[in-house]
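Biologist: I would like to learn how to read a few features of a protein model. Please take them one at a time.

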Amino acid sequence: MFKNQPAGLYVLALANTGERFGYYTMLAIFLLYLQAKFGFDSTVSGQIYSIFLAMVYFMPLIGGWVADKWSFSKCVVSGMAIMFAGYAVMSIPTGIRSTSSLVILCAALLLISIGTGLFKGNLQVMVGDLYNDRRYSGQRDAAFSLFYMAINIGSMFAPMTATAMTNMAMKAKGLVYNAELPGLCNQLLDGKIQPGILTEKAAACGMTVSGDASAWASDYITVLSTGYGYAFAVACASLIVSFLIYFLGRKTYAHIISDKKSDKKEAAATTGPELTPAQTKARVVALMLVFAVVIFFWMVFHQNGATLTEFAKSCTSPDATGWTRIGFNVWALLSIAVGVYALFNLFQAKSSRGKCISVVILGLVTWALWYFYSTTPDPVSGIQPQQYQQFNPFYVVALTPVSLALFGWLAGRKKEPSAPRKIGYGMIMAAVAYGVMMLGSFSLAGTQGNVSPNWLISTYLLLTFAELLLSPMGISFVSKVAPPKLKGSMMGGWFAATAIGNYLVSIPMLLWGKIPVYVLWIILIAICLLSAAFIFSVMKKLESATADSNGPEAELAAAEETAAEAEA
């Protein structure tokens, strides 16, 4: 997986790791930030969350169009600068529950969306262009798996960082975080509850409400919001690191940057022969069909920051026991991931030295896990809702070699599923994931409960299986099939489809608290299964059309067949 890869892949992947670390540090607490600082309920906060996600994934469409006319590299650098400005504005301390603070927040979110639009898709186009060189063309799909893994290494540490920043601010003022307190503070300020309710809850958390309860509530929210602001400042710092990596490693990818439009020979060397209008149209239509059928996957997948975070906050026990408790230690998760790679290397290494190194690493990992288990208090208490969001990126990092090995083994036997089938299987797997949530929610009364953390942890595992069936190789597919002159726009189209799905994330949030929680998961299961049926139906027709095509469209069929067989 790591062999025969251009050096530029590692530079671009690390630059993206830093940027994604900052983004997911912000996103891990974004919903909680909206509810605490502004007192929004799940409906309003869910709308803002989904609109922001939609903007973040829609802007690459515009960013791709700009890059096609201007420069991919210049767009990437400009995107970093604009995102930095957005996170900086977001980290500025402002008053709680005020209109001016909300206006400032909206301006910051707009800057982050625009910056992401210039950065995200165009960086991935640059990664794809590294593999137009025949020396590396056979490694394109493995490269995007590595690139996707690097994204998730950054996002795996994001919830831990956001939690640390929050705890630092709270501890400095002698306060502790409790998932129920921000809501109770806002309810008191709105006159919806009596001070005694807040006082009793604070006392249960080891805090004393002295004097005016409303003033204490306001101070609690202010301090918590300050902690969230520290996390946003971390996102600023991560972008500086990303820029330095991108700038200092420029030599490794300089050959794919073509800012001079007059240099047609250089462009031909990196993009290949020019397509006819019929070929271009056929490829664009095929990609549009792919974009259309993944919308509902992103709708259900990105519930991790919406209904799944609500479930973690309101319905899940803040305590973990047994082996489950080390899952909330990100260093323990990293040790497990390292152990997975060492185990694969043990079987794949051709030299005795390589095998010995793997055995040593596995021994160290075993010791580390036992150490974490022995020294971690039982139970782990005070788990914050955003900490559950570290499981998905951990699973991606740990399962990427498993995914590559499985599909490589199937490809060697000519039994690897096509791209359309992988998408369909991903939707079915997502349905299974929400089936787990449904089972875990039967015991709940309303939207309050104390179920085991294992329900959410298991759901994230299954959702990660679904994600690996679709996301990294979907990006690879777009980079491979997109017409050379429309690469930026087509990569933007992938993100635009994701944006629509992200806006639909708000629908389950609108239903939160209005229907039983298990019914909400049943609705998502139905959406997944119906989408799977739709995907199989549409994509079978697409496969048939491309298989039967001839003349100029035969190249499209070949490209799609290659992409389907090589995905993983």
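Modeller: We begin with residue classes. Ala, Val, Leu, Ile, Met, Phe, Trp, Tyr, Cys and Pro count as nonpolar, Asp, Glu, Lys and Arg as charged, and the others, Gly among them, as polar. The lining of the largest cavity divides into 17 nonpolar, 9 polar and 3 charged residues. This is a predicted model, where local features need pLDDT of at least 70, side-chain atom pairs count only at pLDDT 80 or more, and totals for chains, interfaces and linings use all residues. Residues are numbered from 1 along each chain as its sequence is written, and side-chain values use heavy atoms, with hydrogens and water left out.

Biologist: What volume has the largest cavity?

Modeller: A cavity is a set of points, on a 1 Å grid over the protein atoms alone, where a 1.4 Å probe fits but cannot get out; lining residues have an atom within 4 Å of a point. The volume is the space filled by probe spheres set on the points, which are joined across faces, edges and corners. Here the largest cavity has a volume of about 380 Å³. Of its 29 lining residues, the closest to the centre are Tyr24, Tyr57, Phe301, His302 and Glu467.

Biologist: Is Glu180 buried, partly exposed or exposed?

Modeller: Buried means under 20% relative accessible area, exposed over 50%, and partly exposed in between (1.4 Å probe, protein chains only). Glu180 has 41% relative accessibility, so Glu180 counts as partly exposed. Glu180 lies 9.7 Å from Ala202 in space, C-alpha to C-alpha, and the two are 22 residues apart in sequence.

Technical notes:
On a 1 Å grid over the protein atoms alone, a cavity is a set of points where a 1.4 Å probe fits but cannot get out, and a pocket is an open set with protein on both sides within 12 Å along at least five of seven lines; lining residues have an atom within 4 Å of a point.
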